[in-house]
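Please look at the structure below.

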Amino acid sequence: MRLNAFLLIFLLNGAAAVTPPAKWQTLSGEAPVVVARGGLSGIFPESSQYAYQVAQSTSLKNVVLFCDLQLTKDGGGICRSDLRLDNSTTISSVFPKGQKTYSVNGQPLAGWFSVDFTSDQIYNNVSLIQNIFTRPSVFDGTLPISMVEDVTGLHPYQFWINVQYSIFFKEHKQDVATYISTASEQMVIDYVSSPEIAFLKSLNGKLGRHKTKLIFRFLEVDDVEPSTKQTYKALLNDLSTIKSFASGILVPKSYIWPVNEDQYLEPHTSLVTDAHNLGLEVYASNFANDMPASYNYSFDPTAEYLQFIDNSNFSVDGVLTDFPSTASEAVACLAHNKNNTLPTEGRPLIITHNGASGVFAGCTDLAYQQAAEDGADILDCSVQMSKDGVVFCLDSADLMGHTTAIKTFMPRATVVPEIQKENGIFSFDLTWSEIQSLKPELTTPLSQSGLARNPAVKNQGKFMTLADFLEFAKKSTVTGVLINIENAGYLASEKGLGIIEAVSTALTNASYDKLPEKQVLIQSADTAVLSAFKKNSGYKRVLYVKEKISDAPKPTVDEIKHSADAVNLPRSSIVADSGFFVSAFTGVVDEMHASNVSVYVSVLRNEFLAIAFDYFSDPMVEIATYVAGVQVDGVVTEFPATLAAYFRSPCSNLNAKLSYSILPVEPGSLLSLVAPEALPPAEAPAPVLAVADIQDTPLPPVADLSDKASVTAAPQTSPPRSGQPAIAVNAALSLLTVMLSFVQLSFH
């Protein structure tokens with residue numbers, strides 16, 4: 001019952017197959033097929049009931065269920081990819097004395113093997129576990145190993161059996177060819193693949209009743225095919241021979257789009273074209289959303305699929321993936337749409353976070369140029385000030401995180417408790433020329449995980465003054481700018497820097513107060529800053545609520561309306577999570593909308609470690625949840641290209657009555673499949689946003705620090721070479737100080 005409730009959410013996706021466009025460059029001219037390796041094995045234990053059923057319900061109707069066949073001691077067929085069952089099941093604890101060592105393709109291999117246990121022993125006693133640590137472990141020990149009959153009992157649209165070790169099973173008196181031949185009389189087997197040529201040849205003529213396709217599976221280029229003793233690289237040069245016994249090939253995706261040692265794409269090979277010219281279909285393997293393949297894809301898994309199915313030269317005939325729902329999106333929703341006009345009406349704003357900071361160092365000219373090209377609506381600039389009063393764009397006043405300041409200015413590091421607890425090198429302690437001597441630093445909030453962003457351009461780009469930023473945005477295709485202002489009170493009282501006045505002047509000088517076609521959003525966590533712009537009726541004021549909240553009562557929303565037109569909220573204030581699972585939608589968006597306050601969500605990122613399991617490691621599903629599920633008014637993202645691709649897709653419109661759509665998640669649905677004892681511990685509820693939380697003290701006036709500056713200026717001069725010049729220099733400085741003091745007094 002729990003599983004059926006979960007599947008109902010995705011009923012729309014399984015309604016019908018998508019009519020393939022005529023422009024597919026597959027061998028058949030039809031859309032490439034999606035092959036689910038062990039079902040949705042990116043979330044559930046591979047080849048489990050949940051994995052297969054959810055794969056069917058969340059993917060295209062014609063999804064192919066893939067089973068890695070192994071045989072038991074009594075000749076039963078189970079679906080399991082690793083020959084050693086102890087890597088992905090509980091068999092070692094159930095049968096602690098069952099370990100054996102066998103020779104597999106000439107190499108000794110120790111473990112627990114299916115040939116040593118009967119079907120009943122395995123099915124009734126052994127449970128599955130997740131063997132990839134970044135995937136959910138909450139289903140471990142609750143699901144049995146699937147027999148082949150369990151999978152075919154789900155009535156898949158198509159069924160694929162892969163036989164990886166037929167020689168091994170034959171050595172243990174189990175004939176896989178006989179098993180498949182017999183099974184094909186009771187069930188439809190649409191594909192049989194194997195990396196062993198002799199095995200595939202042994203099936204020729206035995207499976208003709210159902211027109212089963214035989215697929216030769218290539219392993220890594222230097223591996224040796226056991227029948228011919230040739231490397232797979234050598235066999236790649238003899239596709240015509242393969243055509244004599246197979247109708248297609250299954251190859252690692254690197255055979256088609258090689259990736260160099262730096263994890264960037266190299267030019268594609270001619271493999272697909274060569275195979276198609278011989279009448280061979282080509283299926284690509286090793287697709288998984290949570291295993292980044294190349295920096296070229298910017299952690300967007302749909303971008304990788306499109307590279308294989310929607311380029312100008314070829315399309316593979318199918319993809320073998322751990323995340324079939326994402327492959328289905330690429331086929332049904334995103335292919336052939338990259339040149340579509342981005343709709344401007346009836347959708348949320350695409351707002352950048354430091355430009356396209358997932359691709360280039362944030363707040364640089366390159367990040368902003370990329371964001372504009374990628375389809376962003378609003379470019380953001382978090383304004384900082386240099387010691388000499390230059391306003392520029394950077395995410396933080398602390399230069400240590402986003403520049404190379406540590407290498408040069410570490411002796412200038414200080415602690416400013418009004419801004420942060422940690423030591424920092426702050427922009428207001430350096431002149432603009434000193435800041436310009438630094439290089440930007442492309443960083444990632446997930447740096448500890450090892451998921452670097454585009455390292456080839458790590459230090460490329462130039463910092464932009466606010467004036468240059470505004471001029472660029474004015475000339476670009478974006479519809480507006482967002483200026484984020486923080487630390488205004490500290491800068492005014494402690495540094496004598498008027499950032500509000502500087503921003504107002506820059507906007508006026510750039511004529512943004514006279515450009516109705518360009519939106520101006522002023523954002524701050526300080527309502528006093530927003531109130532300072534109240535006189536600018538054409539500007540939209542955005543309250544930045546940094547802390548996670550669970551609710552926003554009406555008195556609080558009414559207070560927000562006094563100083564802001566919109567709020568920018570963290571993701572978790574809108575979609576609550578528990579143990580990396582989506583648990584609930586809060587009512588905050590509805591409460592804001594009821595009072596005509598717009599809601600922006602921030603910050604969306606593509607990296608799979610940044611999104612909940614419910615999104616299937618797919619940023620498109622997270623986008624759909626906030627856009628179609630919660631209906632926010634704007635999305636703040638570091639990867640605007642992914643958001644623009646979603647909006648270009650017809651599948652983003654749930655009212656379009658398409659046969660496949662990118663659906664928002666239903667909170668708690670994935671958790672409902674977890675056994676109660678395996679549920680993550682309940683988290684304390686986030687606080688409610690109170691009126692006092694958004695009432696800020698008035699801003700202090702900009703302090704006149706000229707006297708202090710003149711007093712501290714003398715020690716910063718270079719020491720003279722002898723005592724006499726020092727007296728002269730000091731005398732001149734004293735005279736200058738007296739004159740400056742007189743001038744200051746005359747203006748008061």
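The buried residues of helix H21 pack against strand E19 (540-544), strand E20 (566-570) and helix H22 (588-594), where contact means heavy atoms within 4.5 Å. Helices (H or I, at least four residues) and strands (E, at least two) are DSSP runs, numbered from the N terminus. This is a predicted model, in which local features need pLDDT of at least 70 and side-chain atom pairs count only at pLDDT 80 or more, while totals for chains, interfaces and linings use all residues. Residues are numbered from 1 along each chain as its sequence is written, and side-chain values use heavy atoms, with hydrogens and water left out.

Helix H21 spans residues 554-561, and its buried residues are Thr 556, Val 557 and Ile 560. They cover an arc of only 100° around the axis, which puts them on the same side of H21; the arc is that of the directions from the helix axis to the C-beta atoms. Buried means under 20% relative accessible area, exposed over 50%, and partly exposed in between (1.4 Å probe, protein chains only). On the face turned away from the buried side, H21 carries the exposed residues Lys 554 and Pro 555.

The cysteines come next. A disulfide is a pair of cysteine sulfur atoms within 2.5 Å, and by this rule the count comes to three disulfides. Cys 67 and Cys 79 form a disulfide with their sulfur atoms 2.1 Å apart. This pair links distant parts of the chain, with Cys 67 in strand E2 (residues 64-71) and Cys 79 in strand E3 (residues 77-79), twelve residues apart. The torsion about the S-S bond of Cys 67 and Cys 79 is about -100°, so the disulfide is left-handed.

Cys 333 and Cys 651 also form a disulfide, with sulfur atoms 2.1 Å apart. Cys 333 lies in helix H13 (residues 324-334) and Cys 651 in the loop between helix H24 (640-648) and helix H25 (706-713), 318 residues apart. Cys 333 is buried at 0% relative accessibility, and Cys 651 is buried with a relative accessible area of 1%.

Another disulfide joins Cys 381 to Cys 393, S to S 2.0 Å. Cys 381 sits in strand E13 (residues 378-385) and Cys 393 in strand E14 (residues 391-393), twelve residues apart. Both Cys 381 and Cys 393 are buried.

With bonded cysteines counted along the chain, the disulfides follow the pattern 1-2, 3-6, 4-5. Cys 363 is in no disulfide, and the nearest cysteine sulfur, that of Cys 393, is 5.8 Å away. Cys 363 counts as buried, at 0% relative accessibility.
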